[in-house]
Amino acid sequence: MRFCVLGTLRVLDGSREVTPSAPKLRQVLTFLLLRRNNIVQTTELIDELWGENPPSSALSTLQTYIYKLRKILSHDEVDSFEEILQTQSWGYMLTIEHDQLDLNQFERLLAEGVAALKRNETEMAAKCLAEALSLWRGLALADVAAGNLLSAYVASLEESRLRALELRIESDLRLGRHREVVGELKHLISVHPLHEAFYAQLMNALHRSGRRWEALEVYQRLRATLVEEVGIEPSADTQRLHQSLLSEETTARPAKLEPPAGQGRRSTAVIERPRNAVRTLLPAQLPPDIWDFTGRQSSINDLVAAATMTEPAATTPPTVLIAGMPGVGKTALAVHLAHLIKRDFPDGQFYCTLRGSDGEPADPGQVLYNWLIATDMYTKKLPSSTEERSKMFRSWCSAHRVLIVLDNAASAAQISPLLPGSEHCTTIITSRSGLYGFPCRKRLDLAPLTLEEGVRLLGAVAGRQRVEREKGDAQSVVRFCEGLPLAVRAAGARLTASPTLPLRTLAARLADPELRLKELNSTDFDIYHSFDLNYQELDPRERSALWLLYLRRSTRFNLKSAAETVGCDIDTSETILTRLVSAHFLRIVGYNGARDDVVYAINELAHLYAEKKLENELAERGTPAEVSLDAGETTAIEAPAGSGRPAAPGRLVRRDLRWNN
């Protein structure tokens, strides 16, 4: 069986076409193909199909789609249903061979072409690149409806096609086929009026064909388009090419499209990116780094490599994503990383917090407006729509090497317009929601500090000698902070404000659940507020399940016991637990590859938040707040709002009553 995504979606079983006709089926299959041989989470598929407002039947409908796809892919042979499209923990995985997908062939040929071009084997490069482009049958996935996640993959595919086209034309120019490519390049600049590389190649081809005056006209057309549409001049490389044409240098050639062979980490002294010569102020929007940043060295090394290393066939800008629970230090790590690598981006750095203290996501259109102003764009030239501002920003980035930091991203839809399209720009993203399924070069699910790192950080804030004298109590403080850097800093600030306060006294206060949230709150870290933002994003059934799970006798459970507690089927339970894990109310502490063997645990600070939240909600409804989430209690409570049970005022139910699915 063969699958084709470089054009319209096609599924071929030998000579017979078995492509699904239903739009949603095509969308699910396409997503699985682009994430081939990797697990696609159920929540990702639901987000892709229905966005932020899925119907109540979303899970059962998705399961129906999966069943229909299995029948198509397995020739209606029931025994082989699970072999091709497997059910995995939290989702599904489509397993295919490398040569079954045309995209795999394209990527292989593109890499071979780039390697041949670096070795100056131009004939071989032209052949490989032409063969790679011959696999395309039109715009990528032209007949497939794309949601937020799938749209990002489609954009990446189109970028890869344009990159291959640039390199194939460069190979033809090196082989002296300048007359043959003139017509093609004229068509390309009409279709892609802001793609500067095609203009430079056309100028070179026309000049070599003895049509220098036409080449000069092409430059004037490029300059007029950039100034009118984007408000910038052509890049320094293209300006040098123009000057060489004016000087009648018959050997004029455009800048090389690839870095020298063996190039690794970007070096500003080696790879000269075009820069606007008239700029007097470069955007430098990074917040200051913190002097006592502690730990994370292994993660930092991996992130630096991912953010700065070039790849031979790279056609997409490097993107790194740092995810994690509130207070784990995502922003601090992202800013620290940005300062470590900012010298690799001489044209500036952009920074934006995408979710304010009130939890409302920032408008990407307004973010783009602010950024474009920072690039010296004329205000009157800025378009009103987010889409057009995004295009203008990407056009500006194509001529500049910049670093972008997007802090606390709310969704893929929010950040997609803010991403550059050029492979020489890097983006660092942080998110507490995880953004699972978002395509990026490197993803880091940030863990809390180790005990040793936490003690070092506490010493940096409260005084190393003081902490060293009471190291055992310092370790207890870090444990009660669960290794969260912001909580450790809050504890350190508490010690700094009270120079005579012994660490053992603070540790004793933190051991008391009634005092812990109060002691760890500070102006920089409000634990209750941080978890409250996550809680507000849960739907009523997820909130009800959260209370029932927190009222269990045991703080650890598997999928089956959770389903029994909540009162629903296994699939629904898995979907809810996945959502609670991504919101950081639960964590996975054990998994050996089988769906039924996943072990979940309750985050202790989240548990304290939940107790406080439940007490507040009961008090607001006038219900006695005599409730404890302690594992051994059996106190009666009122059914949580949205639990599915009819709730009469003052009605009490015991904690072992089940949630009605």
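Predicted model: local features only at pLDDT ≥ 70, side-chain atom pairs only at ≥ 80, totals over all residues.
**Overall make-up**

The protein has 661 residues, and 53% of them count as buried. Its secondary structure comes to 27 helices and 14 strands. The accessible surface is about 28,800 Å². Carbon and sulfur atoms hold 50% of that surface.

**Nonpolar cores**

The largest nonpolar core has 102 residues. Within this core, V28, L32, L33, W371, L406 and I429 touch the most other members. Helix 7, residues 148-174, gives the most to this core, with 11 residues. A second, separate core numbers 76 residues. Its members include W90, V467, V488 and Y550.

Setting aside residues up to four places away in sequence, L32 touches V40, I66, L69, L85, Y92 and L94.

Helix 7 also holds E158. Is E158 buried or exposed? E158 counts as buried because its relative accessibility is 17%, and the cut-off for buried is under 20%. Its contacts, leaving aside neighbours within four places in sequence, are W136, L139 and A140.

**Helix 25 against helix 26**

Two packed helices are described by the angle between their axes and the distance between the axes. Helix 25 spans residues 559-566, and helix 26 spans residues 570-582. They pack at an angle of about 100 degrees. Their axes are 9 Å apart. An angle of 65 to 115 degrees counts as roughly perpendicular, and helix 25 and helix 26 are therefore roughly perpendicular to each other.

Which residues meet here? From helix 25 come L559, K560, A562 and A563. From helix 26 come I570, S573, E574 and L577. The residues of this contact divide into five nonpolar, one polar and two charged.

**Two asparagines with positive phi**

N120 has a positive phi of about 65 degrees, although it is not a glycine. N120 sits in the loop between helix 5 (102-118) and helix 6 (122-134). N408 is likewise a residue other than glycine with a positive phi, near 60 degrees. Its place is the loop between strand 9 (403-407) and helix 16 (412-415).

Their accessibility sets them apart. N120 counts as exposed, because its relative accessibility is 60%. N408 counts as buried, because its value is 17%.

L517 belongs to helix 22, residues 513-520. L517 counts as buried, because its relative accessibility is 14%.

**Accessibility of the single residues**

The table collects the values for the residues discussed one by one.

| Residue | Relative accessibility | Class |
|---|---|---|
| N120 | 60% | exposed |
| E158 | 17% | buried |
| N408 | 17% | buried |
| L517 | 14% | buried |

Technical notes: Residues numbered from 1 in each chain as written. Heavy atoms only, no water. Axes fitted to C-alpha atoms, helices over the stretch in contact; angles between N-to-C directions. Helix = DSSP H or I, 4+ residues; strand = E, 2+ residues; numbered from the N terminus. Parallel < 35°, antiparallel > 145°, perpendicular 65-115°, else oblique. Contact = heavy atoms within 4.5 Å. Nonpolar A, V, L, I, M, F, W, Y, C, P; charged D, E, K, R; others polar. Core = buried A, V, L, I, M, F, W, Y, C linked by side-chain atoms within 4.5 Å. Buried < 20%, exposed > 50% of the residue type's maximum accessible area, 1.4 Å probe, protein only. Areas by Shrake-Rupley, 256 points an atom, 1.4 Å probe, with all protein chains shown as cover.
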